[in-house]
Amino acid sequence: MKPASLLAVLGALVCLPLPSSAQSAEPISARQENTPAVIAHRGGALLGTENSISCLANGIELGSDMVEIDVHMTADGELIVCHDPTIDRTTDGKGSIETMTLDSLRTFHLLDFRSGEVTEELLPTLGEVLALVDGRCGLLLEVKKKKGQYEGIEAAILRTIRDYDAASWVVIQSFNDSVIETVHSLDPEMPVEKLSVFPVNPKKYPYVSSINVMYAFATKSFVRRCHAKGIGVKVWTLNDPSKAPKAPVDGIITNRPDLFL
């Protein structure tokens, strides 16, 4: 989708957690065989403080097939888990992650997702999340990167995944084509997935394992074309089972994993 910056903005806006009124949705009765994988978006962003260790732990304990996180790089090359490029919305501090060191980031605390009060939790590092997950479910790792930003983040992520012996249960996704292309070139065995608001031509992405689109645009014809190429389809960010697409998608990225399990 052109321009790329518009796509990224749309993705960020749509991915923001829904208000608490969304919690009135009814859960599906039971998981059936061959149902889509359930991916807890930021750990389950309507159930806990997004991208926090406690929220991710809850997503795992609920039985999610995967938990999803967002990764940025600090000024001193550390990998930090946070959705936004700044810490303004989710912590009691302010600043851009790329201009701050890990030590400076660790002086601030996450805000409670309901009350907005300061918690005891800190922004986790990628290593801390990998240690938490430890293969108990899969990890869907979104790389946040704009053009010219975070030089070397792909290699740093792959190195950290290897350090934690996590390659068999981590998948990397991004809106940024250069990210997934770089990851694939550095490690062809690492699964990569293309994030997009709208459907894209699967012929353009023969190396990806899935194309992940906004749930409203996951048509049967698009899913059929992807499956014909051996490429899966995940949808985001779906919080109400009654609005699930009719197409046979392979995964549901959701802020309410409890409603789909």
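Reader: Why does phenylalanine 198 count as partly exposed?

Author: In this predicted model, phenylalanine 198 has a relative accessibility of 25%.

Reader: How many aromatic pairs does the structure hold?

Author: The structure holds three aromatic pairs, including that of phenylalanine 175 and tryptophan 236.

Reader: What makes the pair of phenylalanine 175 and tryptophan 236 edge-to-face?

Author: The ring centres are 6.0 Å apart, and the cut-off for a pair is within 6.5 Å. The planes stand at 85 degrees, and over 60 counts as edge-to-face, so the pair of phenylalanine 175 and tryptophan 236 is edge-to-face. Phenylalanine 175 sits in the loop between strand S5 and helix H6 and tryptophan 236 in strand S8, so the pair ties together parts 61 residues apart in sequence.

Reader: Are phenylalanine 175 and tryptophan 236 buried or exposed?

Author: Buried means under 20%. Phenylalanine 175 has 14% and counts as buried; tryptophan 236 has 1% and is buried.

Reader: Why is the pair of phenylalanine 198 and phenylalanine 217 called tilted?

Author: The planes of phenylalanine 198 and phenylalanine 217 are at 55 degrees. Stacked needs under 30 degrees and edge-to-face over 60, so this pair is tilted.

Reader: How do you know that the buried residues of helix H2 are on the same side?

Author: The buried residues of H2 are Cys55, Leu56, Gly59 and Ile60. They cover an arc of only 140 degrees around the axis, which puts them on the same side of H2.

Key. Residues are numbered from 1 along each chain as its sequence is written. This is a predicted model: local features need pLDDT of at least 70, side-chain atom pairs count only at pLDDT 80 or more; totals for chains, interfaces and linings use all residues. Side-chain values use heavy atoms; hydrogens and water are left out. Helices (H or I, at least four residues) and strands (E, at least two) are DSSP runs, numbered from the N terminus. Buried means under 20% relative accessible area, exposed over 50%, partly exposed in between (1.4 Å probe, protein chains only). The arc is that of the directions from the helix axis to the C-beta atoms.
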